[in-house]
Amino acid sequence: MQLSRRHFLAASAAALALPYRRAWAATTLTMGPVRIDSLSDGHLELPPDFTFAGLPEAEVSALMARHGLAAGALTPPCNLTLLRDGTNTVLFDLGSGPDFMPTAGKVIEALEALGLAPDDVTHVLITHGHPDHLWGLLDEFDEPVFAQAEYMIGQAEFDYWMDPATVDSIGEERASFAIGASRRLEVVADSIRKLADGEEALPGITARLTPGHTPGHLAYEIATPEGALMVVGDAIGNHHIAFERPDWPSPSDQDPPLAAATRIALLERLAADAMPFIGYHLPQGGLGRVEKAETGYRFTGEI
């Protein structure tokens with residue numbers, strides 16, 4: 001018998017009467033009345049230089065061996081976060097859509113596995129404007145995929161991507177990012193809500209400025225009766241070097257020194273508070289905690 005994705009998800013739920021489980025479409029965490037699912041949008045295929053260029057080769061080689069990373073290409077997962085509290089159905093980020101990479105853009109399938117359609121989403125909270133987070137805003141007809149949702153993004157992030165000068169200042173290799181972001185944000189520009197650092201996006205969900213990966217990158221802190229959880233987007237961009245050497249500048253960040261300072265502060269807080277979090281490109285659905293190690297930190301999928 002060949003199980004469909006929906007069947008596999010249903011079978012997992014029946015077999016594990018636990019608040020926390022793994023399945024194809026989602027990693028699920030229940031915190032009081034709040035259910036949080038990490039949905040797979042697929043994965044990216046990136047050259048190692050995207051993450052490791054300019055860093056000490058011997059240390060990078062040893063790190064890649066420790067984490068079982070292939071030399072040819074990195075294949076980070078893409079984890080969107082879905083929150084349901086009985087009133088709101090909130091999607092954090094939009095995925096890649098059909099125009100970025102053929103291995104990504106799968107969030108609609110993931111929603112279907114949970115019995116949801118795009119029109120069920122009431123709010124979309126965007127961490128930043130890179131293609132794998134924003135390009136899923138529009139369908140193949142340039143219409144919003146989540147047509148019934150209210151959209152939110154950081155004020156600084158919105159201003160950056162909508163600035164006509166960005167395409168010339170961002171660098172040739174990222175010029176398409178700027179063109180793609182402005183085209184998509186233009187469609188919702190009149191209705192999208194722009195958030196400030198520390199502003200409450202929805203009851204219990206607070207925007208936290210975490211700049212460096214992009215100028216106005218936001219994380220979102222979710223408060224529940226059973227504790228808090230942080231959606232960190234790309235402020236912590238992988239499960240290996242970002243934890244072991246958070247101080248090292250990453251070429252994947254638009255402002256590497258600022259991103260490193262942000263990453264260190266965020267890891268320190270998450271470790272000190274033992275706060276669970278979801279990282280967009282972290283393994284096991286991206287849901288876990290950070291622990292201090294002898295040098296740096298480590299990611300653990302244990303909740």
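Biologist: Which residue just after α10 takes a positive phi?
Modeller: That's Ala-274, with a phi of about 50°. Heads-up: this is a predicted model, where local features need pLDDT of at least 70, side-chain atom pairs count only at pLDDT 80 or more, and totals for chains, interfaces and linings use all residues. Residues are numbered from 1 along each chain as its sequence is written, and side-chain values use heavy atoms, leaving out hydrogens and water.

Biologist: How far apart are the end C-alpha atoms of α10?
Modeller: They are 26 Å apart. Helix α10 covers residues 256–273, and its 18 residues should span 26 Å at 1.5 Å a residue, so the two agree. The expected span is 1.5 Å times one less than the number of residues. Helices (H or I, at least four residues) and strands (E, at least two) are DSSP runs, numbered from the N terminus.

Biologist: Which residues of α10 are buried?
Modeller: Ala-259, Ala-260, Thr-262, Arg-263, Leu-266, Leu-267, Leu-270 and Ala-271. Looking down the axis of α10, these buried residues fall within an arc of 165°, so they line one face of the helix. Buried means under 20% relative accessible area, exposed over 50%, partly exposed in between (1.4 Å probe, protein chains only), and the arc is that of the directions from the helix axis to the C-beta atoms.

Biologist: And which exposed residues sit on the face turned away from the buried side of α10?
Modeller: Pro-257 and Ala-272.

Biologist: New topic. Which residues touch the most other members in the largest nonpolar core?
Modeller: Val-124, Phe-146 and Tyr-151, out of 39 residues. Such a core is a set of buried Ala, Val, Leu, Ile, Met, Phe, Trp, Tyr and Cys residues joined through side-chain atoms within 4.5 Å. Helix α8 gives the most to this core, five residues.

Biologist: What is Phe-146 in contact with?
Modeller: Skipping neighbours within four places in sequence, the list includes Leu-91, Leu-94, Pro-118, Val-124 and Tyr-151. Contact means heavy atoms within 4.5 Å.

Biologist: How far apart are Phe-177 and Pro-131?
Modeller: In sequence, 46 residues; in space, 6.3 Å from C-alpha to C-alpha.

Biologist: What about Phe-92, buried or exposed?
Modeller: Phe-92 counts as buried, because its relative accessibility is 1%. Phe-92 is in strand β5 (residues 89–92).

Biologist: Last one: how much space lies in the largest pocket?
Modeller: About 640 Å³. Its lining has 39 residues, and Leu-46, Phe-50, Thr-51, Pro-76 and Gly-237 lie nearest its centre. On a 1 Å grid over the protein atoms alone, a pocket is an open set of points where a 1.4 Å probe fits, with protein on both sides within 12 Å along at least five of seven lines; lining residues have an atom within 4 Å of a point. Points are joined across faces, edges and corners, and the volume is the space filled by probe spheres set on them.
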